[in-house]
Amino acid sequence: MKILVVSSVGGHLTEIMQLAPVLAGHEVVLVLNDEAALPDFPFARVYRIAHAERDARVLFNLLEAARILRHEDPDIVLSAGAGPAVPVALVARLGTRARIVFVETAAAIVRPTLTGRLMAPLAHHFFYQWDTLARFFPRAEKASIHFG
């Protein structure tokens with residue numbers, strides 16, 4: 001199975017890489033929105049896209065996402081946020097067979113993130129990590145990523 005992991009750098013990448021045991025044994029391609037030290041994981045390929053902050057560069061991210069998705073044709077697009085998750089998921093949802101999986105960050109305890117709110121209708125599978133978010137995501141499931 002080919003899994004396209006989409007993440008912003010920093011905490012979101014650290015959080016999603018807690019799923020490394022689940023990702024192991026699959027072809028994993030990473031899409032990041034900035035330069036950063038890579039986690040110790042055998043990624044098949046790494047793409048770096050423009051860092052967009054709710055600005056016009058998001059439109060460029062849509063083009064970058066289309067190019068990457070066309071080339072990679074993943075089975076799953078997996079993200080825990082933030083910035084690049086939405087443009088990649090939107091293009092994947094409209095133009096590929098990929099299943100989209102989103103994990104709302106553990107930092108969202110009382111209220112969902114903007115990315116989470118945008119991803120909820122795009123994701124085939126959506127997970128939140130705190131019971132307090134259940135009312136915001138009625139069709140989602142609770143699942144926690146444990147650090148350690």
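**Exercise 1. Find the partners of leucine 4.**

Task: Which residues does leucine 4 contact, leaving aside its neighbours within four places in sequence?

Solution: Contact means heavy atoms within 4.5 Å. With that cut-off, leucine 4 is in contact with Val29, Val31, Ile68, Leu69, Pro74, Ile76, Val77, Leu78 and Val88.

A note on the model before going on. This is a predicted model, in which local features need pLDDT of at least 70 and side-chain atom pairs count only at pLDDT 80 or more, while totals for chains, interfaces and linings use all residues. Residues are numbered from 1 along each chain as its sequence is written, and side-chain values use heavy atoms, with hydrogens and water left out.

**Exercise 2. Describe the largest nonpolar core.**

Task: How many residues does the largest nonpolar core have, and which have the most contacts inside it?

Solution: Define burial. Buried means under 20% relative accessible area, exposed over 50%, partly exposed in between (1.4 Å probe, protein chains only). Of the 148 residues, 47% count as buried.

Define the core. A nonpolar core is a set of buried Ala, Val, Leu, Ile, Met, Phe, Trp, Tyr and Cys residues joined through side-chain atoms within 4.5 Å.

Now the answer. The largest core has 29 residues, and those with the most contacts inside it are Leu4, Leu69, Val77, Met119 and Phe126. Two or more residues each come from strand S1 (2-7), strand S2 (27-32), helix H3 (57-72), helix H4 (85-95), strand S5 (99-103) and S6. The largest share, 6 residues, comes from H4. Apart from this core lies another, of 19 residues, among them Val5, Leu30, Phe43 and Leu78.

**Exercise 3. Look at helix H4.**

Task: Which residues of H4 are buried, and what covers them?

Solution: The buried residues in H4 are Ala85, Val86, Pro87, Val88, Ala89, Val91 and Ala92. Their cover includes S1, H3, strand S4 (76-79), S5 and H5.

Take alanine 92 in H4. Alanine 92 counts as buried because its relative accessibility is 0%. Not counting residues up to four places away in sequence, alanine 92 touches Leu69, Val77 and Ile100. Isoleucine 68 is 24 residues from alanine 92 in sequence, and their C-alpha atoms are 10.0 Å apart.

**Exercise 4. Compare two buried residues.**

Task: Where do threonine 115 and alanine 120 sit, and why do they count as buried?

Solution: Threonine 115 is in helix H5 (residues 114-119). Threonine 115 counts as buried because its relative accessibility is 14%.

Alanine 120 is in the loop between H5 and strand S6 (125-128). Alanine 120 counts as buried because its relative accessibility is 18%. With neighbours within four places set aside, alanine 120 is in contact with Phe126, Phe137 and Arg139. Alanine 120 and phenylalanine 137 are 17 residues apart in sequence and 7.2 Å apart in space, C-alpha to C-alpha.

**Exercise 5. Spot the backbone exceptions.**

Task: Which peptide bond is cis, and which residue has a positive phi although it is not a glycine?

Solution: Recall the background. Most residues other than glycine have a negative phi, and most peptide bonds are trans.

The bond from glycine 81 to alanine 82 is cis, with omega near -5°. Alanine 82 lies in the loop between S4 and H4.

Aspartate 73 has the positive phi, about 45°. Aspartate 73 is in the loop between H3 and S4. Its relative accessible area is 39%, so aspartate 73 is partly exposed.

How values were computed. Helix = DSSP H or I, 4+ residues; strand = E, 2+ residues; numbered from the N terminus.
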